Amino acid sequence: MDKNWISSVSLQVPMRATPEYLAGHYILQGASSFLPVMALDSKENEKILDMCDAPSGKSSHITALMKNTGVFFSNDVNEERIKAVVGNFHRLGIVNSVICTYDGRKIPSVIKGFDRVLLHAPCTGTGVVSKDPSVKKNKDEIDIHRCCTLQRELLLAAIVDCANARSESGGIVVYSTCSILPEENEWIIDYALKKRDVKLVPTDLEFGAEGLTSYRQYRFHPSLKLTKRFYPHVHNMDGFFVAKLKKFSNIIHKKKDAEEESFD
């Protein structure tokens, strides 16, 4: 049989239809999706939460690093999207997971005390314009403000009650987006630094641009340079942002938060 013919037939088989894929030997995801998981640096026998998980590429990576030990909570508010998580976890043989469909902002009222929390927040998706050009036309200023509000609420929920500062791992929260807008990235982290007992720590990612410490007339905390930005034209992957926060106190401040700042 002609070897060239065999090769051409093999190339027509979709990556999600190979015996190896169906047997759970691998899962497909973009290179940028590895970054927040690498920053999270999950360990065996930990209690970990992914607040916005579907379709489970990052979470399956996390559970692989945990070697199916400890307990991993996979959450997504969208019940339709969570079906993909269930399917992938069954296919990959993940047995240390709890799958739930709560609004991420309400998870602390259900369960808390996690060693590590990953929040890949819903965003405008400006970092994936190369794959989805419609982002340039179907997102406006109102969409940005809506995303910013949700991102702040999710991040504060992740910090205040979900992460445990007394954890042996130190109560780590990793925040990421597939957006390159400062409004959805540095500004959100700067807000959290002002409102909660957390500090930025190095992501330990060996490449990427430093986060912004200033944007137009706005100035952010100097430690924002510890965050990482990734650009398609520079790093050959989707636009991405990753920040790693360490919680140093479980004290909940009763003082009413000051009125939120916003970009004009």
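Mentor: Helix 4 (57–66), helix 5 (79–92) and helix 7 (141–162) each give at least two residues to the lining of the largest pocket. Helices here are DSSP runs of H or I with at least four residues, strands are E runs of at least two, and both are numbered from the N terminus.
Trainee: What should I know about the model first?
Mentor: It is a predicted model: local features need pLDDT of at least 70, side-chain atom pairs count only at pLDDT 80 or more, and totals for chains, interfaces and linings use all residues. Residues are numbered from 1 along each chain as its sequence is written, and side-chain values use heavy atoms, with hydrogens and water left out.
Trainee: Back to the largest pocket. How many residues line it, and which lie nearest its centre?
Mentor: The lining has 42 residues, and Ala 54, Pro 55, Arg 81, His 120 and Cys 178 lie nearest the centre. A pocket is an open set of points on a 1 Å grid over the protein atoms alone, where a 1.4 Å probe fits, with protein on both sides within 12 Å along at least five of seven lines; lining residues have an atom within 4 Å of a point.
Trainee: How much space lies in the largest pocket?
Mentor: About 930 Å³. That volume is the space filled by probe spheres set on the points, with grid points joined across faces, edges and corners.
Trainee: Is His 120 buried or exposed?
Mentor: His 120 counts as buried because its relative accessibility is 15%. Buried means under 20% relative accessible area, exposed over 50%, partly exposed in between (1.4 Å probe, protein chains only).
Trainee: Where is the place of His 120, and what does its side chain make a polar contact with?
Mentor: His 120 sits in strand 4 (residues 116–120). Its side chain makes a polar contact with the side chain of Ser 176, at 2.8 Å. A polar contact is a pair of N or O atoms within 3.5 Å; within protein, one must be able to donate a hydrogen and the other to accept it, and residues adjacent in sequence count only if both atoms are side-chain atoms.
Trainee: Now strand 5. Why is it largely enclosed?
Mentor: Six of the six residues of strand 5 are buried, so the rest of the structure largely encloses it. One side has Ile 172, Val 174 and Ser 176; the other has Val 173, Tyr 175 and Thr 177.
Trainee: Which way do strand 4 and strand 5 run?
Mentor: Parallel, joined by five bridges. Leu 119 has Tyr 175 as its bridge partner. Strand 5 also pairs with strand 11 (240–247), antiparallel, over six bridges. There, Val 174 stands opposite Lys 244. Two strands pair if DSSP finds at least two bridges between them.
Trainee: And the largest nonpolar core: which residues touch the most other members?
Mentor: Met 51, Val 117, Leu 155, Ile 189 and Leu 245, out of 37 residues. The largest share, nine residues, comes from helix 7. A nonpolar core is a set of buried Ala, Val, Leu, Ile, Met, Phe, Trp, Tyr and Cys residues joined through side-chain atoms within 4.5 Å.
Trainee: How many residues of helix 8 are buried?
Mentor: Nine of its 10. Among them are Trp 187, Ile 189 and Leu 193.
Trainee: Last one. Where is the place of Phe 241?
Mentor: Phe 241 is in strand 11. Phe 241 is buried, with a relative accessible area of 0%. Its contacts (heavy atoms within 4.5 Å) beyond four places in sequence include Tyr 175, Ile 189 and Arg 229.
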